[in-house]
Amino acid sequence: MSSRVINAGVLVNNHSLSLKRQPILKDLITIVREGERPLNIIVGAGASMGSGLPSWARLVDNMISRIVSEPTQELIRGLESSNLFRQAETAVQIMRGYNGNLSVGDIVRDALYTDGRTQQPGLLVDAIVRMSLAYGPHVRIVTTNFDNLLEQAINAMHGIGTARSFSLDNVDEWWSLDPEAQAVSILHLHGMVRQGDPPLEPLLLTESDFLAHGQDVQGVVSQLISQDVTLFVGLSMTDPNLLGPLFKRASAEDGAANGDAFALFTPHLGEEGRSRPAAEYAVTQARYLDERLGVRPILLKTHAQPTQVISEMALAAAEPDRYTHSAPDSLVYGLRLQRALEGLYEGLHVDQATGRVDEDRALRYSKYLSEGLHAPGGPVELINDTRELVADQVMSEEEEQFSAYLWLRHIPRPSARRITLGLIASSTYVHWLPWNGNRVAHVWAGTPYNVGKALFGGTHTLRNQTEPGAWRGFIAVPLIINGAESESQVNGQALDRLMVGAISLDTTGAVDVSDSSIPGSQVSPIARMDAPQLDALLNSIEELASKFINELSD
């Protein structure tokens with residue numbers, strides 16, 4: 001039987017988020033539209049990285065970095081470079097040798113929450129929880145992550161105190177919950193480490209932890225995948241406690257196991273996203289998962305696209321009759337995105353061929369962004385509120401200048417190989433003659449554009465400028481429009497969501513102070529914000545972009 005995994009050439013040269021070009025994605029959407037089978041969502045570290053938390057490899061490296069002796073750090077990294085479990089084991093033993101009172105929970109907490117901030121759920125985590133609400137049959141959410149972002153998202157949508165957390169120690173109680181209670185209860189296969197609260201044990205971090213509890217994890221996974229539909233999100237699929245049960249299921253000859261397993265992946269396709277050898281390598285790996293482990297892989301081109309896939313699943317679950325190409329008012333992603341962008345370009349009077357607006361509108365748009373930046377409750381006021389609290393650590397209000405730039409995706413064309421953005425408006429007006437400046441930002445892994453990074457990653461980006469220039473720091477936020485063609489909601493949240501562009505706020509101050517040599521006189525208050533302050537700033541930037549579109553579109 002020929003493989004249904006996307007072709008390497010199609011992955012590089014076409015849009016991957018397509019039911020026609022990605023047969024396995026169509027299979028998943030079809031199951032969701034039918035809405036008859038229980039769904040398990042198994043979530044890995046990739047879902048938490050959008051909130052600034054580390055990958056599994058980075059978590060272990062953060063642990064190693066806390067060892068006092070730098071030569072010892074390098075020995076661990078070098079001698080055990082291919083075995084993260086052994087690296088973690090060695091790092092824990094050395095650190096506890098220095099301090100016998102140090103618990104594994106303390107070590108994980110310090111490596112996970114490196115800046116001490118309380119992290120907020122990202123777009124992917126929110127999408128997973130919305131999907132669990134939108135899908136009719138029984139939904140279970142299981143994670144290998146130590147953090148409680150999924151619980152935060154559930155509480156935000158259902159009300160504080162709704163979410164419950166479970167580990168291997170009380171997994172029997174989790175299994176016994178009725179479907180409604182289990183849908184808002186998260187099972188942490190590796191335990192959970194919270195800021196300010198005791199951990200949920202056992203914590204699976206080191207080689208000995210996995211040897212001691214691996215069979216328990218495999219037992220849970222085996223039961224999950226045996227009959228139901230399972231979706232793996234944010235996982236590299238290298239954990240033997242996941243692969244073992246999948247291999248046994250795929251090798252079963254009695255046909256007793258008839259569950260369906262899917263996995264979302266964003267392989268590295270080169271810095272510009274078009275490396276054919278990288279695509280062929282990714283497809284080869286995907287076919288192994290498909291043919292030997294029975295996991296149907298969906299290969300995507302950006303880290304934002306898993307969020308979009310989950311959002312599309314929720315919309316398909318809520319509107320099954322419309323989520324098909326044959327429906328006269330079809331909600332299928334590609335058609336919806338095309339219409340939404342065409343509507344935005346027409347409403348804002350942007351020329352589809354050149355991406356430009358006439359001079360009078362450019363001036364009007366510039367004035368709107370500039371006034372919105374400095375409006376009461378707007379981004380600049382929030383930044384200045386923080387400035388008052390950390391005045392001795394940041395530059396003065398007189399020294400810091402700001403600008404805002406709004407970008408929209410170019411309308412997808414059949415021949416388009418990559419996603420690109422066009423600059424629509426700037427608060428620092430420049431004339432729009434064709435020769436004046438580059439107004440195209442590419443969306444790929446190595447893009448130098450902050451807005452491109454935001455749209456590639458599906459999360460806000462915060463970075464300093466590395467080249468000399470007027471602007472020192474940048475913060476970019478994806479631009480999402482809600483409810484463009486469907487009014488379906490769960491708990492007041494729209495299911496029809498499209499990422500159509502990005503907005504950036506530029507400053508003359510540094511926004512990242514990981515380089516401690518930057519003097520306070522060059523630092524923006526953005527760099528000193530705690531999680532709630534930064535979240536409020538991001539919301540105000542998003543609101544500025546939304547108001548721009550809603551109030552200036554005809």
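Visitor: Where is Asn-491?

Guide: Asn-491 sits in the loop between strand E13 (489–490) and strand E14 (493–494); strands here are DSSP runs of E, at least two residues, and helices are runs of H or I, at least four, both numbered from the N terminus. This is a predicted model, in which local features need pLDDT of at least 70, side-chain atom pairs count only at pLDDT 80 or more, and totals for chains, interfaces and linings use all residues. Residues are numbered from 1 along each chain as its sequence is written, and side-chain values use heavy atoms, with hydrogens and water left out.

Visitor: What is phi of Asn-491?

Guide: Near 50°, a positive value in a residue other than glycine. Asn-491 is partly exposed at 48% relative accessibility; buried means under 20% relative accessible area, exposed over 50%, and partly exposed in between, with a 1.4 Å probe and protein chains only.

Visitor: And which loop holds His-349?

Guide: The one between helix H15 (333–347) and helix H16 (359–373). His-349 has a positive phi of about 60° although it is not a glycine, and its relative accessible area of 34% makes it partly exposed.

Visitor: Which residues does the cis peptide bond join?

Guide: Glu-201 and Pro-202, with omega about 5°. Pro-202 lies in the loop between strand E4 (185–188) and helix H11 (207–225).

Visitor: Leu-53 next. Buried or exposed?

Guide: Buried, with a relative accessible area of 5%. Leu-53 is in the loop between strand E1 (39–43) and helix H3 (56–65). Leaving out residues up to four places away in sequence, Leu-53 touches Ser-48, Leu-112, Tyr-113, Gln-119, Asp-147 and Leu-149, where contact means heavy atoms within 4.5 Å.

Visitor: On to helices. At what angle do the axes of H7 and H8 cross?

Guide: The axes of H7 (residues 123–134) and H8 (residues 149–158) cross at roughly 55° and come within 9 Å. Axes are lines fitted to C-alpha atoms, for helices over the stretch in contact, and angles run from 0 to 180 degrees between N-to-C directions. That makes H7 oblique to H8; angles under 35 degrees are roughly parallel, over 145 roughly antiparallel, 65 to 115 roughly perpendicular, and the rest oblique.

Visitor: Which residues of H8 make the contact?

Guide: Leu-149, Leu-150, Ala-153, Ile-154, Met-157 and His-158 of H8, against Val-125, Asp-126, Ile-128, Val-129, Arg-130 and Leu-133 of H7.

Visitor: Last one: how many residues of H14 are buried?

Guide: 13 of the 14, so H14 is largely enclosed by the rest of the structure.
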